[in-house]
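This briefing is meant to be read beside the coordinates, with the viewer open.

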Amino acid sequence: MNVTLLGGGMITHDQLLPSLYQLQRLGRVGAIRICSLSQEALEQLAAAPGLTRAFPGHGFTPLVGTYEGALRDLRPGELVVVALPDHLHFGAVRAAIAGGHHVLCVKPLVLTVEETGVIEREAREAGALVAIEYHKRFDDRSLMARQAYRAGRFGEFKLGTSSLLEKWYYRHSNFQNWFTPDATDAFTYVGCHYVDLVAFITGLTPVEVSLYGLKDRFPNGAEGWLWTDARVVWSNGACLNVQNALGFPDAAPGSNTQGMRLYCSDGERGAWIDHSDQYRGLAWCGVNAAEGQPLYSEPSPDYFQYVDRGGEGLEPVGYGYRSVEFAVARALEIKDLPLERRRELLRGWDEAGILATPANSVYNAAVIEAARRSLAEGGAPVRCR
Ligand SMILES: NC(=O)c1ccc[n+]([C@@H]2O[C@H](COP(=O)([O-])OP(=O)(O)OC[C@H]3O[C@@H](n4cnc5c(N)ncnc54)[C@H](O)[C@@H]3O)[C@@H](O)[C@H]2O)c1
């Protein structure tokens, strides 16, 4: 199965392309093509030192131009990985389905419930896989919490607090061109991860959101909602607070700060789940710093790392890799099956709820939609559709 990656930006460099190269090394995917508006960005990606060191001899076909052009001459039955700015996902995923392909899309799939419904319907009719890349689901701590919660270990979720603040330097990236107030905000960009995890772990559904935001400026002068604080109310009345920003100090340890604490109860005793998703138990301080890194850091061994296992180059490990691997395995599983059998398998995966799909994670779009309205109204509570 050949793969066409739409978007050659940060997430492609950090997670998607190395995961696909590793699957290529294992013989599970064939040729890789990458489409981007910028030739320079594709040249930088092809020559990126981390990738060339880990995957000597691997490469991709660069396609400079729009995603529509990249999909035009593609044979049906391939995998399209969508890693474009959020507001382009709807058009790109639909175009991929219409071309007869399977899709892995970075989160958030789309920004409204209606758009999710359109994709769900079109994918079901075509018997196409549409997987949404919520990689935190493939962190074993999330799978452990889900299993234990669903076995009744914690009673019921009551109150939670979570945060994910990306580093300040994100402001210097291509984000300044698309992270505009009309398109997105810090919660829409990364808050969805913890909303999705709470649903994934507890099986509860978000019903109301209020989102307060602060605007700030990118280096190019563009404004964006760069600091947000969300309050998400759940179907059982529980409440989750989510703080997000592009503002964690560059000099601070780790590549961001993030984590989640859920307080639960069975009515007689309190219970508690605590994820430190930034400090993963590894800290080091060097005599020399890696380029752009502070001397002291707390690298996460869990999300995505390259390790030397004695073979050629380096191997990617972590839940960032496992998440892509899982979705690619599902695409391979169904790609040659007849339509009815594909639909049957897709229904089973919707119900299992491990892989995020339009049918089983539409609440993410409902939350984003309500959050965007709330933000425009200064943080007023808005019901989810
Ligand atoms: N934690 C996560 O799951 C995570 C992390 C980072 C990004 N993301 C998501 O990944 C997506 C991309 O983010 P990024 O940080 O890589 O962005 P980026 O700005 O670094 O890259 C975007 C890429 O899309 C390309 N592009 C833009 N418009 C295009 C068009 N019309 N046709 C073809 N290519 C086009 C650009 O040229 C660029 O290569 C976003 O939806 C973001 O929310 C998810």
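The points below concern a predicted model, and they are grouped by topic.

**Nonpolar cores**

- The largest nonpolar core has 47 residues, and those with the most contacts inside it are Phe 157, Phe 187 and Trp 234.
- Helix H9, which covers residues 186-202, gives the most to this core, contributing 10 residues.
- Once residues up to four places away in sequence are set aside, Phe 187 touches Cys 192, Val 195, Leu 211, Thr 228, Ala 230, Val 232, Val 242, Asn 244, Val 367 and Ala 371.
- Another core lies apart from the largest one and has 36 residues, among them Leu 16, Tyr 21, Phe 304 and Tyr 321.

**Helix H6 and its surroundings**

- Helix H6 (residues 113-126) has 14 residues and should span 20 Å at 1.5 Å a residue, which agrees with the 20 Å between its end C-alpha atoms.
- Within H6 the buried residues are Val 113, Thr 116, Val 118, Ile 119 and Ala 123, and the buried residues of this helix pack against helix H5 (89-98), strand S6 (130-133) and helix H12 (362-376).
- Just after H6, the backbone at Gly 127 takes a positive phi of about 65°.

**Ser 323 in helix H10**

- Ser 323 has its place in helix H10, residues 319-334, and it counts as buried because its relative accessibility is 3%, where the cut-off for buried is under 20%.
- Leaving aside neighbours within four places in sequence, Ser 323 is in contact with Glu 133, His 135 and Phe 138.

Technical notes. Residues numbered from 1 in each chain as written. Predicted model: local features only at pLDDT ≥ 70, side-chain atom pairs only at ≥ 80, totals over all residues. Heavy atoms only, no water. Core = buried A, V, L, I, M, F, W, Y, C linked by side-chain atoms within 4.5 Å. Buried < 20%, exposed > 50% of the residue type's maximum accessible area, 1.4 Å probe, protein only. Helix = DSSP H or I, 4+ residues; strand = E, 2+ residues; numbered from the N terminus. Contact = heavy atoms within 4.5 Å. Expected span 1.5 Å × (residues − 1).
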